[in-house]
Amino acid sequence: MSRIPCPGRSAQGGEQVQQDLDAVAVRTWCRLALDALGRAREEIDAINVYPVADGDTGTNLYLTVESAAQAVDAAFTGHEPALPSLAEAMRAMAHGALIGARGNSGTILSELLRGMAQVLAAESDAPHADGHALVHALEQAAGSARRAVAHPVEGTVLTVASAAADSAREARGDGCAAVARAAYDGACTALDATPGQLAVLGRAGVVDAGGRGLVAVLGALVGALSGEAVPLKSAAQGGAAKSGAQPSKSAEGAEGGHTRVEEIGAVGCEDPETGDGGPAFEVIYLLEAPDDSVARLRARLDSLGDSLVVVGGDGLWNVHVHVDDAGAAVEAGVEAGRPYRIRITHFGAGDAHAAGSGRLPRTPRERTQRGIVAVVPGAGLAELYAEAGATTVPARTGEQPASGELVDAIRRAYAREVVLLPNDAELRHTAAAAAEQARAEGVRVALIPTRSAVQGIAALAVHEPDRRFDEDVVAMTSAAGATRYAELAVAERQSWTMAGICQAGDVLGLIDGDVAVIGAEVAATARAVLDRMLAAGGEMVTLVLGDTVPDEVAEELEKHVREAYLAVDTVVYRGSQSAPMLIGVE
């Protein structure tokens with residue numbers, strides 16, 4: 001039987017307040033930054049007006065931080081039961097961002113993190129950093145990022161990073177939380193001023209998209225160090241940001257009203273007279289090369305195009321450039337060392353081409369018209385979903401799938417149209433980023449925001465592949481939305497909940513994500529949960545049993561529903577998931 005921490009009270013999102021910057025604070029920073037960028041992703045994509053229109057700055061920043069967060073989590077896992085040092089956590093964060101950097105904005109962010117790591121990892125045995133060290137790290141970050149850009153321009157993320165470092169100096173004696181807050185405030189002020197510094201931003205009435213993303217990351221740092229919930233800054237805040245760029249609509253079924261624009265460019269490079277007429281391709285690759293060969297590489301790439309950013313060091317680099325001759329940009333990398341993970345995007349066509357795993361598979365079989373991709377907890381549920389025609393992604397206990405896993409599953413589905421079922425509220429941002437990547441590869445993706453596997457089952461039950469895509473998505477969304485969901489879990493420790501105080505070993509009944517029932521054993525707790533859910537009405541009960549729950553419990557619950565609630569049917573599945581039981585009421 002699975003065990004989970006009993007939900008309790010904490011300063012922010014379940015994380016403990018940190019006064020100093022240590023490894024735990026770095027991990028919290030990653031998680032909060034990923035959440036903030038997930039919530040702001042579409043807005044940042046929509047305001048990106050400089051200098052090329054490919055509308056994915058928010059998505060690129062999210063994917064970059066996702067890679068950084070995964071690297072930090074891996075560092076913690078590798079040290080269990082001990083904790084990594086601050087130096088190890090910062091090196092992991094910077095390395096993860098470097099190898100996972102996407103787009104110009106993500107590449108620059110990776111260099112900002114690398115600059116911070118150079119300072120904070122200098123003393124490998126130091127358990128934490130004070131305010132003075134954090135100020136130095138922010139200064140190093142701003143300088144490193146500016147040096148990485150071939151032709152820096154004010155009014156971009158570089159300006160915002162420099163302002164953050166300048167403001168942080170004023171609070172250097174007040175501790176890490178105060179330094180982070182000062183950096184965040186300075187970055188916000190600088191962001192609001194960007195339309196007056198960069199003509200293309202002023203014409204569009206928006207702030208710089210990369211700078212907006214950096215503000216979100218710095219706000220997460222404030223939250224990690226102080227426990228303060230920093231409000232998500234909107235691009236419409238301040239006099240600088242007005243109506244924003246007008247995104248082009250894309251009908252994506254369940255996301256009704258979801259808008260998407262082609263990102264209008266990378267930050268930190270020359271300000272052209274117009275956003276049109278630039279190079280045709282974006283080329284990105286990782287490069288293994290000696291440090292002394294990079295200066296020659298920079299000069300070669302600078303002669304080929306613009307928006308050049310080369311970041312990294314110690315033999316590993318991330319290269320980003322906009323060019324008309326993509327082959328020459330890759331050849332320049334070959335001359336310098338060994339390029340890999342090569343990704344080439346044609347701005348005009350809006351489709352991405354990648355060397356290796358980054359593109360749809362080339363197979364002789366015909367691509368199907370429509371597919372379903374679902375995240376499922378447990379082999380039993382995976383088999384159930386597969387029988388219904390879905391391509392499944394396993395949800396491992398304590399480890400959520402990354403956006404790359406979801407994109408790979410969409411590719412495996414090999415369909416022109418895909419319905420994506422995340423089946424977890426915590427995966428909404430990851431799933432949205434994966435859907436955006438797949439759309440860039442020419443797949444029409446509708447994301448139905450299912451919060452539980454039982455909602456996904458309800459959606460699959462009404463799926464009709466021969467129906468028009470929009471109609472099918474609407475029907476599936478309606479079925480999922482009409483299904484209330486519950487889950488049984490076991491408390492790991494004593495804590496406060498919405499239903500009172502729970503003790504270690506108590507069986508918790510969570511309805512729609514909140515603890516509603518505290519019981520001593522599975523059957524009685526499940527019965528109490530069902531009574532609460534059916535009090536509001538229902539026609540169908542779905543029970544998904546975990547490995548540890550005997551069939552007799554399901555029989556008892558079926559009998560209870562049949563005798564207490566007329567005309568309510570019950571269907572039972574053996575799911576083999578980590579939770580003792582999942583419950584759905586339609």
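The largest nonpolar core of this predicted model has 93 residues, a nonpolar core being a set of buried Ala, Val, Leu, Ile, Met, Phe, Trp, Tyr and Cys residues joined through side-chain atoms within 4.5 Å. Buried here means under 20% relative accessible area, with exposed over 50% and partly exposed in between (1.4 Å probe, protein chains only). The residues with the most contacts inside this core are Leu 21, Trp 29, Met 90, Met 93, Met 116, Leu 138 and Leu 225. Helix α1 (residues 23–46) supplies the largest share of the core, 12 residues; helices (H or I, at least four residues) and strands (E, at least two) are DSSP runs, numbered from the N terminus. Met 90 touches Val 26, Trp 29, Leu 113, Met 116, Ala 117 and Leu 120, leaving aside residues up to four places away in sequence, where contact means heavy atoms within 4.5 Å. Another core lies apart from the largest one and has 26 residues, among them Leu 534, Val 541, Val 553 and Val 568.

Residues are numbered from 1 along each chain as its sequence is written, and side-chain values use heavy atoms, with hydrogens and water left out. As the model is predicted, local features need pLDDT of at least 70 and side-chain atom pairs count only at pLDDT 80 or more, while totals for chains, interfaces and linings use all residues.

Two helices meet as follows. The axes of helix α2 (residues 57–79) and helix α4 (residues 103–120) come within 7 Å and cross at roughly 35°; axes are lines fitted to C-alpha atoms, for helices over the stretch in contact, and angles run from 0 to 180 degrees between N-to-C directions. On the α2 side, the contact is made by Thr 57, Asn 60, Leu 61, Thr 64 and Val 65, and on the α4 side by Gly 103, Ser 105, Gly 106 and Leu 109.

Thr 392 belongs to strand β9 (residues 390–394). Although Thr 392 and Val 375 are 17 residues apart in sequence, their C-alpha atoms are 5.7 Å apart in space. Among the residues that Thr 392 touches are Ala 374, Val 376 and Arg 412.

How confident is the prediction? The mean pLDDT of the chain is 84, and 85% of its residues reach 70 or more; pLDDT is the predictor's confidence in each residue, from 0 to 100. Among the elements of the chain, helix α6 (residues 157–169) has the highest mean pLDDT (96) and strand β7 (residues 351–354) the lowest (40). Over residues 349–364 the pLDDT is below 50, and this stretch has 31 contacts in the model beyond near neighbours in sequence.
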